[in-house]
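Dear colleague,

I am passing on the structure below, with a short account of what was found in it. Please read the account alongside the coordinates.

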Amino acid sequence: MNDTAQIYDQGEYNFAYLDEQTKRMIRRAILKGIAIPGYQVPFASREMPMPYGWGTGGVQVTAAILGQDDCLKMIDQGSDDTTNAVSLRGFFEKTAGIRTTYETSEATVIQTRHRIPEKPLTEDQVLVFQVPIPEPLRFLEPRETETRKMHALEDYGLMHVKLYEDIAKNGHIATTYAYPVKVNDRYVMDPSPTPKFDNPKIDRMAALQLYGAGREKRIYAIPPYTKVKSLDFEDYPFEVQTFDKPCGLCGAENVYLDEVILDDKGGRMFVCSDSDHCEERRADGHLGPMAASPEAGQFGGQNAQETAR
Amino acid sequence: MTPTNTSLAETTQTGAAPLAAGFADPVHDAQGCFRAVMNAMARPATRQLIPAGGLKPPAPLTPVAAAIALTLIDYDTPVWLDKPLMSSEAVKQFLRFHTGAPIVSEPVEAAFALVSAPESMIPLASFNQGSLEYPDRSTTVILLGQTFSAGPAVMLEGPGIKDTALLTTGPVPPVFWDQVIANNRQFPRGIDLIFAGASEAAALPRSTRITPQEA
């Protein structure tokens, strides 16, 4: 009998790991977060069986909302099959026994780290973000008492000074991820370290967005169809990243691309960061400039032996 | 004397009705109820079906309100009850046993308030409005016995609403919507409202802007 079997012998976890009192506490924080869009609600974050930085905040939010009939998608940097996504998906498969999926449109709850799926989300979906530092003003003002007062008085001048200094130094706003937004014309909020490419998707999104920061013990939310404006200046309007080439595998344009290093001679390719979106497009017959032709068969193909030598 | 006889004798002595049961399946019933309340709060003016899980709470507590209470309330959240609820020993016993929540007599101390006679409820300003630093510390007020066809319609705008939406609910006091408008003006401070009907619930967070419609 191995360790896991022994633990199972002692009885199962409560549904979705957390105890019911913890869920109630998190659920109350979620309701407050929805009622005050963009405001960071303090909550009694629990220690989770994973280290801080692995999405303990997102996991607690997901565990509090998840039901037996939900279908969960778990993504890390847009991908369904990277370490963080795989282990957290396994966590909920084990503790909640629910259905999981890779397909964006099939999921009812999507927990994400640092990306928003390319496919527009629907009203029936909930997007849960893992957040490392929820306070957008933290790197400008380290004292919680002060940042709390700044939010209370809607005093966000410091954030504009920071963006202005970006322009003065670099000629443009150099913030590329965790780009600050103003929610419902009131609270300045950190949309978690998603690339600013995704900021326009947050604005008036049909799905409910919940943000959980485990180590920092904060939950915040953006209800559906809420106005979310990326901070900018009249003469330096907000812009998203652009890519000069399409995805190497599926040929998609106007999507966020990851750089993949191919060799030590400077070879590289750019592919969709949203792996489900890329696979779906390839299944539909879209081919990028670097995709293997369908006739080549399996990776390695006939030359497998040659490669091995 | 056997234990059974003892309990029988005690029941006869106090004349109390036996305690009504809580959720049949505490984990999943509470989850289903929470998701409905969450959707109601995220989409003001929509009506969400509340799975009351076969609850038969003592009157004037209603099954939907009892389900919301068992889902959200526990020993961390002081509860305020209006007069008809407060004067029912069975209701207090039900809430104390199933939630462990302290029942307070000052509305400003409450995290949740249950109002069973909304037509004669106290002003919304009597509840805890939260502070500018901690707007989340305000009271959530749950109105019982609502029917979503009675009363004048109000037009809603704001987070969670695509363009505009109409909400009709009653009974509420005549000055109620003026109070709700004032409540929204002090955003981010303010209370959040949950309207509990016979089988459904709707919610009105403080962020929603309200325009009364001419009848």
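This is a predicted model: local features need pLDDT of at least 70, side-chain atom pairs count only at pLDDT 80 or more; totals for chains, interfaces and linings use all residues.

Residues are numbered from 1 along each chain as its sequence is written, and chains are lettered from A and ligands numbered from 1 in the order in which they are written.

Between the chains, 29 residues of chain B are in contact with 30 residues of chain A (C-beta atoms, placed from the backbone, within 7 Å). On the chain B side, helix 2 (residues 26-42) gives the most, with twelve residues; helices are DSSP runs of H or I, at least four residues, numbered from the N terminus.

Chain A is divided into domain 1 (3-136 + 178-230) and domain 2 (242-293), with bounds from an automatic or database domain assignment. Their C-alpha centres lie 27 Å apart, and the contact takes 14 residues from domain 1 of chain A and seven residues from domain 2 of chain A.

Within chain A, helix 2 (residues 20-35) and helix 3 (residues 56-65) pack at an angle of about 100 degrees with their axes 9 Å apart (axes are lines fitted to C-alpha atoms over the stretch in contact, and angles run from 0 to 180 degrees between N-to-C directions). These two helices of chain A are therefore roughly perpendicular, a term that covers 65 to 115 degrees. K23(A), I26(A), R27(A) and I30(A) of helix 2 make the contact with Q60(A), V61(A), A63(A) and A64(A) of helix 3.

Best regards

Note on methods: Angles under 35 degrees count as roughly parallel, over 145 as roughly antiparallel, 65 to 115 as roughly perpendicular and the rest as oblique. Two residues are in contact if their C-beta atoms, placed from the backbone, lie within 7 Å.
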